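Please read it alongside the sequence and the coordinates.

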There are 2 protein chains.
Amino acid sequence: MHELIDSLFIKVFANDALRQKRDSAIVEIGGGRIAFTTDSYVVNPIIFPGGDIGSLAVYGTVNDLSVCGAKPLYISLGLIIEEGFEKKALERIVASIERAARRAGVQVVTGDTKVVEKGACDKIFINTSGIGEIFYIPNEKKICSGDVVIVSGPIGDHAISVLSKREGIAFKTTIRSDSAPLNGLIARVLKASSKVRFMRDPTRGGLATTLNEAVERKSFGILLNEKSIPVRSGVKEACELLGFDPLYCACEGRVVMIVAQEGTQRVMAALRRDVLGKSASVIGAITKEYKGKVILHTAAGGKRIVDMLTGEQLPRIC
Amino acid sequence: MHELIDSLFIKVFANDALRQKRDSAIVEIGGGRIAFTTDSYVVNPIIFPGGDIGSLAVYGTVNDLSVCGAKPLYISLGLIIEEGFEKKALERIVASIERAARRAGVQVVTGDTKVVEKGACDKIFINTSGIGEIFYIPNEKKICSGDVVIVSGPIGDHAISVLSKREGIAFKTTIRSDSAPLNGLIARVLKASSKVRFMRDPTRGGLATTLNEAVERKSFGILLNEKSIPVRSGVKEACELLGFDPLYCACEGRVVMIVAQEGTQRVMAALRRDVLGKSASVIGAITKEYKGKVILHTAAGGKRIVDMLTGEQLPRIC
């Protein structure tokens, strides 16, 4: 259904901003360039280890702006609330939104609330849109063989946190969502190096989907080294038990970068100096050999194609 | 519940943009000033005489920007769709959004879709956020005794259209929603006169709520003349039958203006030249006599206070 809708949108609203299929639209206004993005959050449960629907909504929008090279400034907040939703829970979520906005350094400047009758929505849905000022434009056209692929930290924590809470599964260690604002981390990296050529946050569909989008219809591919991809042991265990692949599990506080080889050291140093990037890792490289494909050099020593989608995306993970 | 939420928001997110309680936030970015707004649409039914949830969402956001003196430019689109929602209906709504955007001269530049399981939302909810370039700032501080109050057309059409469709009530004449983009009309008026000191679109809560907000904690009041307030006979009949007051019924294609007396003629001429303003009417005046209050000079010759709220707002009207 998602693919159907995506293609319907791009077909119907034919414009350059949409066709770029970025996390934010880059648009001209008042003689300057800004980034503009929107996301609706329907995560179930609304509170999970490491976050809640409120902080998730703020950080999600902050990150969509940040990976487009924008400094996030203003956020809008649209709430749809089911009648009878407890006042205490609402206050907790609103307080969480405020804390998250403060942490990320953005202002919630406009909002809207709709209350629908019991049964017409599941507790609370939140839309956050955001605008930011562009200060860096990654030059994706320069991506070439030998560039390195970097991820800022362990993958899949968010998906596993939400799923284990939803299904009531207890693992040895509680996995906390990685949900966090990436604007500070990204600004530090871009200050340290001008060699970043691609940035995305691997949310729905995970690292595998993000990297496949990066190589789609391109003259290069990516060779990943499974051993260097950071995955917490708790996430690995949970994935084995649930039948998931961590490569497809959503993150909400990680950034994937493609960086020119000569920039690797500076980028890695900047990432590792930040608490959000302390486990950053070079996980692969751009190669001409596997045009348009993502190939995994497995821990066992073999190679396999990492496809765009190996099944349905997990529902209501964000 | 709405009031509770509004006060919670303003208390928690203490910033100037929010405190202004406008339809859009006016914010600085890249050295310029832009308007930024958001609205979620949960209207039931999703298709009604004169519009549907798609066109309503686009025009609602366009109008929130327009009444703040901004030229609407870019729209974001966040869809929450119930699993099993028919593809045909979705295509119809998306086509309606595209037509509405084209009519209003705005671009849908970014979007997001979430699908939730059957029963977790009622068919489809739409969030539209929008940004526009400020070209006129109505100077509300200049409002003074003798200024006139103008409405651009008949009130209450939208609410009655949605309600009669929802309840399956047939009136002698089908009332069509007034839902329409006001940016063209407003631009024409502001080109013709610089004497417009206040603009709002009387959506939820209708004309009565909008005017009460205009006089709230102010040193002036408004004296309305019931005979000059345009209300279609079909809306009057429906309101009598349903026990509603047209003054509280939502419009989605009307603008209320407060204009300096010397600007009245030019503003009225500009309004009436446009198909959306051809039934514009001077409906009252600013007075020092009823400080902070809206008073209605009734058709019967008496006077009554038009309160902020005489009951619950109608649910899911937009």
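In this predicted model, Asp245(A) is partly exposed at 24% relative accessibility, where buried means under 20% relative accessible area, exposed over 50% and partly exposed in between, with a 1.4 Å probe and protein chains only. The side chain of Asp245(A) meets that of Arg304(A) in a salt bridge of 3.3 Å, N to O, a salt bridge being a side-chain nitrogen of Lys or Arg within 4 Å of a carboxyl oxygen of Asp or Glu. Because Asp245(A) lies in the loop between α8 (233-242) and β11 (256-259) of chain A and Arg304(A) in strand β14 (residues 303-305) of chain A, the pair ties together parts that are 59 residues apart in sequence; helices (H or I, at least four residues) and strands (E, at least two) are DSSP runs, numbered from the N terminus. Arg304(A), at 33% relative accessibility, also counts as partly exposed.

| Residue of chain B | Residue of chain A | Closest N and O atoms |
|---|---|---|
| Lys114(B) | Asp39(A) | 3.8 Å |
| Asp39(B) | Lys114(A) | 3.8 Å |

Asp39(B) lies in strand β2 of chain B and Lys114(A) in strand β6 (residues 107-116) of chain A, so this pair joins two chains. Lys114(B) is buried, with a relative accessible area of 4%, and Asp39(A) counts as buried at 11% relative accessibility. Asp39(B) is buried at 12% relative accessibility, and Lys114(A) at 4%.

The contact (heavy atoms within 4.5 Å) takes 66 residues from chain B and 66 residues from chain A. Chain B and chain A bury about 5700 Å² between them, 71% of it on carbon and sulfur atoms, buried area being the accessible area (1.4 Å probe) that two parts lose on being put together, summed over both. Of the area that chain B buries against chain A, Ile29(B), Phe36(B) and Lys114(B) supply 11%, more than any other three residues.

Chain B can be laid on chain A with an RMSD of 0.0 Å by a turn of 180° and a shift of 0.0 Å along the axis, with copies superposed by least squares on the C-alpha atoms of residues with pLDDT of at least 70 in both. The two copies are thus related as by a two-fold rotation axis.

Residues are numbered from 1 along each chain as its sequence is written, and chains are lettered from A and ligands numbered from 1 in the order in which they are written. Local features need pLDDT of at least 70, side-chain atom pairs count only at pLDDT 80 or more, and totals for chains, interfaces and linings use all residues, while side-chain values use heavy atoms, with hydrogens and water left out.
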